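Colleague: I should like to understand the terms applied to this model before I rely on them. Could we take them in turn?

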Amino acid sequence: MSGEFFLATHYSQLTTHNSKNMSNGNMNLTLKVWRQKNAQTAGKFVTYKAEGISPDMSFLEMLDVVNESLVHKGEDPIYFDHDCREGICGMCSLYINGHPHGPKRAITTCQLHMRSFHDGQTITIEPWRAAPFPVIKDLAVDRSAFDRIQQAGGYVSVNTGGVPDANEIAIPKVIADEAFNSATCIGCGACVAACKNASAMLFVSAKVSQLGMLPQGQPERFRRVQSMVAQMDEEGFGNCTNTGACEAECPKEISLTNISRMNNDYFSAKLFRQEELHEQSHGE
Ligand code: SF4
Ligand code: FES
């Protein structure tokens, strides 16, 4: 069975359309995909045909189908990250036609559908490109730098004992909402990929904000921001120069306000030694 025939039969199983009849809106596409064995070897673009693609497929389903045909032909499938496929985990990380997560705003790659493209289009697919995100293989990069930044300070202390009453600590709704907005960051790294400096400020500031705005996050507030920024610098991420590309490409629409808030806490901690004042006033 030829690869093309295999693709067509697979599409007809995934959709109710007859893939032999292109009047049903199915598309023929050209993919230019970045292939790279590992971080030590040079990569290059390889061209593939994706034919009879239903507009109702997700971008990852389209890649699944291409991979099935590659496997069928005895070729190495395209390696890419994914997990939940519903915009929650942050694993899918493709740079599509010059945009992290593709051309649509406020969605992840797994939420992108092929109806966002047109018949005959060429689609270029690359990995996140940033020195702190080395390529693992093809389109998958190592984002463990984000884990290490989180480990440096992204936690709150929890006292042992009985479970406190849920309403014991009153939090104004506006603060709760803002903290929740910051907490929607899924750690995908699109902000880094979008930034010409490979800055991780949007990610780090979202993590700093989600804890630093709430009463539970106060004990480590000033220590947290210093530790996480220090780790961010150690990992080799660049500085923020306020271009706003991160906010524009973030699938969760994390606001630049988080960066202002983080800078405020950071300078406060450094200039006014807030951490020591806090510890003195709490007898630590
Ligand atoms: S700030 Fe946005 S782009 Fe950056 S890691 Fe979080 S969700 Fe992804
Ligand atoms: S696969 Fe989980 S967010 Fe896309």
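Modeller: Let us begin with pairing: two strands pair if DSSP finds at least two bridges between them. Helices (H or I, at least four residues) and strands (E, at least two) are DSSP runs, numbered from the N terminus. This is a predicted model, in which local features need pLDDT of at least 70, side-chain atom pairs count only at pLDDT 80 or more, and totals for chains, interfaces and linings use all residues. Residues are numbered from 1 along each chain as its sequence is written, chains are lettered from A and ligands numbered from 1 in the order in which they are written, and side-chain values use heavy atoms, with hydrogens and water left out.

Colleague: What makes strand E3 and strand E5 a pair?

Modeller: Strand E3 (residues 95-96) and strand E5 (residues 122-126) are joined by 2 bridges and run antiparallel. The criterion is at least two bridges, so they pair. Within this pair, Tyr 95 stands opposite Glu 126 in E5.

Colleague: In which sense do strand E1 and E5 pair?

Modeller: Strand E1 (residues 27-35) pairs with E5 in the parallel sense, over 4 bridges. Here Val 33 stands opposite Ile 125 in E5.

Colleague: Why are strand E2 and strand E4 said to stand at the edges?

Modeller: The open sheet has 5 strands in the order E2-E1-E5-E3-E4, with mixed pairing. Strand E2 (44-53) and strand E4 (99-100) each have a single partner strand, so one side of each is left without a neighbour in the sheet.

Colleague: Why is Val 204 called buried?

Modeller: Buried means under 20% relative accessible area, exposed over 50%, and partly exposed in between (1.4 Å probe, protein chains only). Val 204 has 0% relative accessibility and therefore counts as buried. The residue lies in helix H6. Contact means heavy atoms within 4.5 Å; not counting residues up to four places away in sequence, Val 204 touches Ile 149, Met 228, Met 232 and Met 262. Val 204 and Val 229 are 25 residues apart in sequence, with their C-alpha atoms 7.5 Å apart in space.

Colleague: How do you know whether Asp 265 is buried or exposed?

Modeller: Asp 265 has 7% relative accessibility, so by the cut-off just given this residue counts as buried. Asp 265 belongs to helix H9 (residues 257-271). Leaving aside its neighbours within four places in sequence, Asp 265 is in contact with Arg 221, Phe 222 and Val 225.

Colleague: Which residues come nearest to ligand 1?

Modeller: A residue is near a molecule or strand if one of its heavy atoms lies within 4 Å of it. Of the 13 residues around ligand 1, Cys 185, Cys 188, Gly 189, Cys 191 and Cys 250 come nearest. Helix H5 (190-194) and helix H6 (201-212) are the elements that give two or more residues to this shell.

Colleague: How do you know how much confidence the predictor has in the chain?

Modeller: By pLDDT, the predictor's confidence in each residue, from 0 to 100. The mean pLDDT of the chain is 90, and 88% of its residues reach 70 or more. Over residues 1-21, however, the pLDDT is below 50. Where pLDDT is low, the predicted coordinates should not be read in detail.
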